[in-house]
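Please keep the sequence and the structure in view while reading.

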Amino acid sequence: MPAPSESTLRALVERVHRGGEDEAPRVIAVESPPEWDGPSRWEVGGSPVEVRPGISVLGIRDLLAERDGDGDGTLLILTSLPETELGTELLTRFWKHRVLRISGWDAVKELFRVEAVDPALARHRWMVDLLVAVAPRRGYPPAPGGLLDLDTAWRNLLRFGLGLESEQPDLRDLLSWGETDEARAALEHHVGGALEPITDRLARTAGPAVSHVLRLVQAGRGGDLVPLGLVADVLWAQDDGEDGAGLLAARVRFEQPVGAKGITGEVGRAWAAAARKLVRRASELSEEVRVQGWLNRAEALLGGVLGAPELAHRSDLLPSAFEQRLDAAGRALEVAVAHPGDPGAVAAVRDAVARVGAHLRARDGDDRERTRRLRMAARLVRRLAPGDGEGDEGKGSGDLAAAARAFVAHGAWVDRAREAVSHGEVREEAAAAYGAILGRIDGERMRRDETFARHLAAWASVEPGERPPLLPVERVLDQVVVPFAREVPVLFLVLDGWSHPEATRLAEDLSRRGLDRLRPIGREHPLVVSGLPSVTSVSRTSLLTGQRAHGTQADERRGWAEHPGLRSVSRRRAAKLFHRRDLAIQEGRIAPEVRDAITSADIQVVGVVVNALDEHLDKGGQLRLADGLQGIRPLRPLVEAALEANRLVVLASDHGHVLEAGSQVRLHGGSGERWRPNHPPAEAGEVELAGPRVLLDNGSIVVPATERLRYMSAEKRGYHGGATPQEVLCPLLVMAPPTLEVSGWEPAETLPPAWWEVDPERWRLPGEGGEEEWAGPGAGAGQGGGSRAGASGAGSAGARAARRRGGAPAADPTGQGMLFPEPVEEGAGVGDGGEGVEADGPWWISELLAGSVLEAQRHLSARMVLADEDLAAFLRILDRANGRLPVQALADELGIPQSRVRTKLQALQRMLNVDGVGVVRVEAQRTVHLDRRLLFQQFGLDR
């Protein structure tokens, strides 16, 4: 006879008190072992209850004597003595004059506060006893309708007996639960012989792996549940592929750590799926220690007990799988470099890159950078393939304009990828492949640079005149800034040392910040050529004064103030120019004077010089091409101020740069970093520049024609002054807030060349035609890439502007590969634009959609609700953006007009902002903020 639980005794006393008697009974005797480890005193209905064991007749007499003295309330005596031994004298002192015997059925009724029990429970006597044994201190939640049915009994048994929170736990719930000490204790102390029916019940929702899970928990190996699931992921989650024999042997050996034979593929796949979800969820919640523990144990099981560490590559989660996949990718790259254009080799690269990108480690930290470098290497392999980019930079490059077009359309993207790959890789196979790729690319690049330098020498020898699309740097103010300023306010950002490879990334970043990139209608985008040599004292002075000049910062200020065009567009206040010291960047903010000038309606043109890039070349540091907007500290607050003021942003450079890559030193007196006097004459790898555009050394100098030469002994991060397109061609970006329109210019999407695409779903193999065929750079040149000639995608800046003005979407003139679908009809759903919406997403989105809280919100929101696919599309995009995204950028991702996004955002807020809690906010009418932590709390996702 087990001792009754505290909850059972409480229920008994409450029932007695509800019996309708005038006053509570003073003494209640209950048949029970005379032992008690619960609280000795509590209250029922405001009346105290004292629990005391009654070991002997004499002991009970003493308890009653104490009660007669000063006791109050109810005395509850637990005794195993038979009534015949207690005698009439004692029995007359007890309530009902007897010792109460608590049956399981009566106890359950009291515990659930019901009058009747479902007859189906009669077949589960073990459950009745277990419900009494594990009852919570104050009983169970009252059963509805006064009837305890079988489902309610099961639900409470799983919750209070096993500690499972879910009413219908799936295998993932069981794996997480099974790790806890409470799970093992529950199986040891409570379940006992009831394990079989409990297993059968759990298998209804968690599948056939339940028996293995419970057995491992009972054996004290709950900590292996998730690691074993990760091993099962290696063994069953994918097709056998080339691992057939070794894989089958490992599956047999898997039975040893599980402690069962004949584990089926169904069990293995289910176990693997549950473990994957747990790891990904814990990773998203930044539970690094927990995740690493699982992964390390899984690695040990796979390599130790199973003796199959070479199979790790089949996992998207195990650390060694990432390294093995990188090795495989390196081998595939080497084959593709050796056999450029071979469809099988290119397909192998595509698949290998996709497998590395699918790994969990590809998303964070150093491994994210390693994955990025691999993608860049794959792009360069595509670039080398005949018919997929090779030689296109040289097609028709009979003069400087054609060579410049080719560099902007292809060479800048090559340099962006090349810079990333040059950082190398620690894995031997990938490192060797990177070296082979760079060797091929560098040879091609050197030939390109030498050709460009010869064209530059010819162009510089005479007065350039009006020869579009080439625009000398000193004409940018007159031909770009001033015409804009006649119509709209302008922020003119001069990024000293900025090159086209960085421009490709920065244009993407600025578009995500809510700015539309503009291009001229019916003519080519200007290609700006620096002063010669391409140094700051020549090029920046010429840019900011509007005339060919060699000077200092003081000359720049004076020339800016006196510029006739700038003076002609000034209104109440003259155009302002700020240099680095004026910005006073502190904690991500610019000086109030600078911000006030940008946001002022009285100043039509504000110029700001940003030296971050040029200074980086001198001092080194950690800024890289990949850093984009994040890498140039003053840029973000400057752009935000321009957005606030609805001011056009023109970004320009005075010159570019080349990075140090093992250059040769040739010392000459009176030289700069990459220019020298023309005595002695030009040698191998050099070119002479002479003419009206050469402003140093009497108009005749010698400069390197490739990046491999310098004239200073001190090594720096990079240099400028030479004749390469990286140094001489200056990016020019025109970016507008979405509400600002400029006559003669239209929005156009920034798109890379076709060979840049590494998405496996859209990667065209050699010989495949179709909609990715492209016209080549001869169709025109934009700044850092372009889009297919014709209609841009539905989410593009061109499409947005077309809807705004009622015209057709704009096309960037480079005519590169079509990477976006046709425009979306106005009535289409959020995700119909396609490219920005993934088919899947983080674990919590599917749980949110299936949850009861969201369903209730749908009813409360009446007609203002989103379909599941629309809601999922919003959440996936916001999750990728870490919860913050401009409304315009969100519209771009979804491929729908901004007006529709705002309407759908209202529905999103009604559905997710439970009781007005700000899960989704739109800040300053411009930026959408998703608070994932609040979302988890409100919808019960953070379990």
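An open sheet is formed by 5 strands in the order S2-S3-S4-S1-S5, with mixed pairing; strands here are DSSP runs (E, at least two residues), helices are runs of H or I of at least four residues, and both are numbered from the N terminus. The model is predicted, so local features need pLDDT of at least 70 and side-chain atom pairs pLDDT 80 or more, whereas totals for chains, interfaces and linings use all residues. Residues are numbered from 1 along each chain as its sequence is written, and side-chain values use heavy atoms, without hydrogens and water.

- Strands S1 (residues 27-31) and S5 run parallel and are joined by 2 bridges; two strands pair if DSSP finds at least two bridges between them.
- Alanine 29 stands opposite valine 99 in S5.

**Serine 700**
- Serine 700 lies in strand S19 (residues 700-704).
- This residue is buried, with a relative accessible area of 10% (buried means under 20%, exposed over 50%, partly exposed in between, with a 1.4 Å probe and protein chains only).
- Residues that serine 700 touches (heavy atoms within 4.5 Å) include Asn678, Leu689 and Val694, not counting residues up to four places away in sequence.
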